[in-house]
Amino acid sequence: MSETDERDPAELTDEEWRERLSDEEYRVLRESGTEAKFSGEYVDHHPDDGEYNCRACGTVLFEAETKYESGCGWPAFYAAEEESVTTTVDTSHGMRRTEVRCANCDSHLGHVFDDGPEPTGKRFCINSVAMEYDNE
């Protein structure tokens with residue numbers, strides 16, 4: 001592991017994030033962008049086990065068993081690892097939504113809505129480019 005990889009993600013400069021991430025990853029994770037609907041690699045990905053980690057820092061965000069088909073065009077989960085995400089009000093684009101960010105590195109992941117299935121009633125609508133799947 002390089003010295004940069006061992007540093008706290010909160011200490012990384014903008015330049016270091018640009019070096020670590022692809023242009024699209026940077027746009028979504030660090031500039032709160034959104035990938036095109038139905039374009040992400042995990043939209044139709046439905047494994048029985050494993051986890052989805054933050055692509056920027058590796059923090060476990062979602063267990064595969066919480067992923068479901070919502071039809072929204074982005075990967076959807078009914079629950080997040082509570083300690084791994086934070087939420088904030090997002091009023092961009094003339095809408096009022098709840099933004100989801102990685103609690104470890106403060107990267108933008110997507111949004112959460114109150115129209116999901118039981119047991120939580122939540123729909124975490126997350127950009128594929130913001131995650132990496134790990135089946136271990």
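A nonpolar core is a set of buried Ala, Val, Leu, Ile, Met, Phe, Trp, Tyr and Cys residues joined through side-chain atoms within 4.5 Å, where buried means under 20% relative accessible area, exposed over 50%, and partly exposed in between (1.4 Å probe, protein chains only). The structure under discussion is a predicted model, in which local features need pLDDT of at least 70 and side-chain atom pairs count only at pLDDT 80 or more, while totals for chains, interfaces and linings use all residues. Residues are numbered from 1 along each chain as its sequence is written, and side-chain values use heavy atoms, with hydrogens and water left out.

Let me begin with the overall fold. The chain has 3 helices and 9 strands; helices (H or I, at least four residues) and strands (E, at least two) are DSSP runs, numbered from the N terminus. In order from the N terminus, the elements read α-α-α-β-β-β-β-β-β-β-β-β. The radius of gyration is 14 Å, close to the 14 Å that the globule rule gives for 136 residues, so the chain is as compact as a globular protein of that length. Here the radius is taken over C-alpha atoms, and the rule is 2.2 Å times the number of residues to the power 0.38. Of the 136 residues, 45% count as buried.

I turn now to the interior. In soluble globular proteins, nonpolar side chains tend to be buried together. In this chain, the largest nonpolar core has 24 residues, and those with the most contacts inside it are L61, F62, L109, F124, I126 and M131. At least two residues of this core come from each of α3 (23-29), β1 (51-54), β2 (60-63), β6 (97-102), β7 (108-113) and β8 (123-126). Which residues does I126 touch, leaving aside its neighbours within four places in sequence? With contact meaning heavy atoms within 4.5 Å, I126 meets F62, W74, P75, F77, V100, L109, G110 and M131.

Finally, the backbone. Most residues other than glycine have a negative phi, and most peptide bonds are trans. A cis peptide bond, with omega about 20°, joins E118 and P119; P119 lies in the loop between β7 and β8. H93, although not a glycine, has a positive phi of about 60°. H93 sits in the loop between β5 (85-90) and β6 and is exposed, with a relative accessible area of 69%. D106 is likewise not a glycine and has a positive phi of about 65°. D106 is placed in the loop between β6 and β7 and is partly exposed, at a relative accessible area of 41%.
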